[in-house]
Amino acid sequence: MRYLLSKAKYDMVTTLRSIRRKTKKNSVLEYPLTIQLPITYLCNFNCVMCGMHHMTRYKDFTAEQLGKILEDKLFSKVEAVGVNGGEPFLKPDILECFHEMIEKLPSLKNFYIISNGYFTERITKNLREIKRMCKPKGIKVNISFSVDGIEDMQDFHRGKKGAFENVEKTIRALWENQEEYIDFMNLTCTITKYNIKRINEVEVWVEKMGIPMAYNIATLNVRIENEDRVESFSLMQDEHARMLAMEFFHKKYMETAEEKYYILYLYLRDGKRYADCPCMYNEWITLTPNGQIGFCATHSKELGSALERSAYEIIRENISHLDEIKQEHCNGCSHYTSMLNAEGYKLLREEMRKNYYVR
């Protein structure tokens with residue numbers, strides 16, 4: 001098998017990324033660049049890896065309250081907002097919320113929406129209006145739909161009959177008229193010990209659809225209260241499923257040379273993270289539907305209510321908690337893995353030497 005990058009190009013890429021890491025090392029941003037915004041606790045699914053059904057009793061912020069929160073100086077440099085839930089399109093005032101974000105975030109460039117795709121008519125109607133609001137400001141609308149399996153596997157994994165039929169219908173509706181609704185669309189597959197056994201069905205379907213797919217590994221997530229389900233869904237609790245997933249991600253890496261797949265392979269192999277995370281540097285911040293501020297969604301505790309106090313002050317007073325997360329949780333977390341750290345690159349280099357002819 002031929003080497004996928006020339007040695008010179010590989011060294012250049014490694015050097016550039018090393019420079020980026022050195023400028024970031026131990027540097028915590030005063031003003032985050034991205035908000036992870038679960039916009040509602042409402043959800044019509046009961047996914048095997050999620051505890052959101054525990055949280056539907058909680059009350060969401062209103063659009064007006066969200067606007068007040070975003071006036072705080074903490075958000076003055078935010079360039080991107082990840083809108084998820086729950087199911088964001090169940091929020092009755094979702095358009096008003098988008099209006100507040102567009103008006104209150106002066107540096108905003110992108111929305112990244114995650115949806116289960118169940119409500120085709122509601123989703124297309126709202127996206128058309130969101131795109132209309134964003135276009136004059138040059139803000140891009142990106143959406144990702146959750147597809148974990150084909151037909152009955154999607155229905156089982158997402159805990160809702162008709163989950164696959166409806167998300168496929170929504171995807172087709174948007175894909176055929178992208179300019180009207182969105183700037184970019186991809187799909188996300190969350191892998192557990194259940195769907196890994198039929199992951200090839202997803203691969204075949206994705207290739208037929210011609211839409212980009214991203215993969216992640218289901219894991220503990222404090223924000224969605226899934227602690228009581230981890231043992232039942234985790235790849236790390238099932239040796240056969242873990243080996244299948246390792247093989248899958250290694251194969252994906254060999255086919256594409258994309259490090260995001262090698263990162264996931266290493267995580268499954270070693271139970272260890274070999275990737276940088278923007279949350280470690282306060283590049284990303286989490287704002288929950290009840291107005292609580294946190295660092296990462298995966299392991300951060302709720303630091304305080306941005307409805308009651310300055311979000312900026314809450315973060316500055318709790319920086320020590322970010323250090324606690326780094327010490328106690330980052331090494332074993334599989335979330336937000338897109339770029340190898342120095343240790344990971346060393347392992348990748350060894351892999352390339354073993355498997356490729358180096359020119």
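This is a predicted model: local features need pLDDT of at least 70, side-chain atom pairs count only at pLDDT 80 or more; totals for chains, interfaces and linings use all residues.

Residues are numbered from 1 along each chain as its sequence is written, and side-chain values use heavy atoms, leaving out hydrogens and water.

**The sheet**
- β1 (residues 34-38) and β2 (residues 80-84) run parallel, joined by five bridges. (Strands are DSSP runs of E, at least two residues; helices are runs of H or I, at least four; both are numbered from the N terminus.)
- Nine strands make up an open, mixed sheet, in the order β6-β5-β4-β3-β2-β1-β7-β8-β9. (Two strands pair if DSSP finds at least two bridges between them.)
- At the edges you'll find β6 (213-217) and β9 (304-305), each pairing on one side only.

**A helix on the sheet**
- Helix α8 (residues 199-209) lies across β5 (184-191) and β6, at about 160 degrees to β6. (Angles run from 0 to 180 degrees between N-to-C directions, with axes fitted to C-alpha atoms, for helices over the stretch in contact.)

**Two helices together**
- The axes of α10 (residues 239-256) and α11 (residues 259-270) come within 8 Å and cross at roughly 155 degrees.
- That makes α10 roughly antiparallel to α11 (the term covers angles over 145 degrees).
- Residues of α10, including Phe 249 and Tyr 253, meet residues of α11, among them Tyr 262 and Leu 268. (Contact means heavy atoms within 4.5 Å.)

Methods: Angles under 35 degrees count as roughly parallel, over 145 as roughly antiparallel, 65 to 115 as roughly perpendicular and the rest as oblique.
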